[in-house]
Amino acid sequence: MKETLNRLLNHEELSREETKHILVGITQDKYPTEQVTALITAIQMRGITVDELLGFRDGILETGVPVPLHCDRYIDVVGTGGDRKNTFNISTTSCFVIAGAGYRVAKHGNFAATSTSGASNVIAHHGVQFSDDLDVLNRSINEVGIVYLHAQLFARAMKFVGPIRKALPFPTFFNLLGPIVNPSKPQCQLLGVANLDQMRLYTQVYQKIGIDYGIVNSIDGYDEISLTGDFKVTTNSYERLFSPHDLGFSIARPEELVAGATEEEAAQIFDAVLENRALPAQKNIVLANAAFGIQVLEKGTKPIEECIEIARESIDSGRALQTFKRFVELNS
């Protein structure tokens with residue numbers, strides 16, 4: 001580790017294999033806390049490379065609990081977080097809309113870090129019990145169309161760096177790992193990022209992993225499609241700037257996206273969207289994010305306008321709500 005730290009001080013880059021071994025070593029308590037802190041700080045100051053990030057991902061997946069799902073094709077919809085916008089559970093709501101439309105979803109998430117309600121908060125609020133039982137997880141995705149993977153049950157390595165991350169006054173590259181360590185290794189992913197630098201980083205990451213992807217960023221800083229202004233989308237087949245009007249939507253006001261001050265208020269918005277009684281802007285935002293997820297699942301063969309209508313039908317028909325009710329029933 002001392003040699004590695006000297007290399008980092010000389011602005012050298014580490015290989016994918018090296019960072020994988022470092023991560024595994026951290027889980028084996030091979031290094032003093034001071035050295036791990038120095039490592040994290042040095043990489044954060046220089047900026048992490050694609051191969052370094054992939055190596056840490058490899059280490060987390062290798063030391064974690066794998067989740068083999070008996071399902072051919074499914075998606076995860078997730079945001080990097082950290083945009084400080086305190087939006088309601090847009091990605092999680094979108095997942096149930098996608099599942100209600102007949103697709104398969106393996107949602108990976110955790111409790112909130114910087115907002116009122118994370119994915120695990122809103123799921124647990126409805127009485128769902130988190131599980132790592134493979135039979136239960138496979139039943140959920142195959143019988144209901146969606147499974148929820150609570151990150152803390154699977155990424156065992158994260159507990160080794162948790163105290164260090166809390167002690168440091170700045171976000172670290174471990175924040176970037178959350179979206180790419182889904183233990184079921186989905187073949188498709190829709191990822192929301194908070195800035196264009198992250199979009200470029202993850203584009204290279206996904207290309208090396210070799211999955212179907214969509215990466216979205218709202219130009220005004222949301223790590224999802226907020227419809228508050230223009231947003232950029234990058235996929236396997238195109239890179240384009242959209243406006244809400246391009247999709248037939250009105251521009252949303254930032255206050256229409258806010259989760260509220262409590263977990264209860266965030267859950268009420270989640271329920272309202274699925275029950276088709278939310279504010280038009282709240283519904284439209286979920287439709288937009290779900291639609292780009294559907295387009296990724298369809299390998300880009302369907303125009304986004306058709307994908308929006310598929311998502312709209314999922315809500316309007318009640319199938320998204322019915323999917324959620326069946327999910328809660330099976331997982332409670």
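Is Leu196 buried, partly exposed or exposed? Leu196 is partly exposed, with a relative accessible area of 32%, where buried means under 20%, exposed over 50% and partly exposed in between, using a 1.4 Å probe and protein chains only. This is a predicted model, in which local features need pLDDT of at least 70, side-chain atom pairs count only at pLDDT 80 or more, and totals for chains, interfaces and linings use all residues. Residues are numbered from 1 along each chain as its sequence is written, and side-chain values use heavy atoms, with hydrogens and water left out.

**Surface**
- Leu196 lies in helix H10, residues 196–209, a helix being a DSSP run (H or I) of at least four residues and a strand (E) one of at least two, numbered from the N terminus.

**Cavities**
- Two cavities of 30 Å³ or more are found in the whole structure; a cavity is a set of points on a 1 Å grid over the protein atoms alone where a 1.4 Å probe fits but cannot get out, and lining residues have an atom within 4 Å of a point.
- The largest cavity holds about 50 Å³, a volume being the space filled by probe spheres set on grid points joined across faces, edges and corners.
- Residues lining the largest cavity include Phe130, Tyr148 and Phe327.
- The second largest cavity, of about 30 Å³, has a lining that includes Val77, Asp223 and Glu224.
- Strands E1 (75–79) and E4 (188–192) are the elements that give two or more residues to the lining of the second largest cavity, and the largest share, three residues, comes from E4.

Key
1 Å grid on protein atoms, 1.4 Å probe; cavity = no way out; pocket = protein on both sides within 12 Å on 5 of 7 lines; lining within 4 Å.
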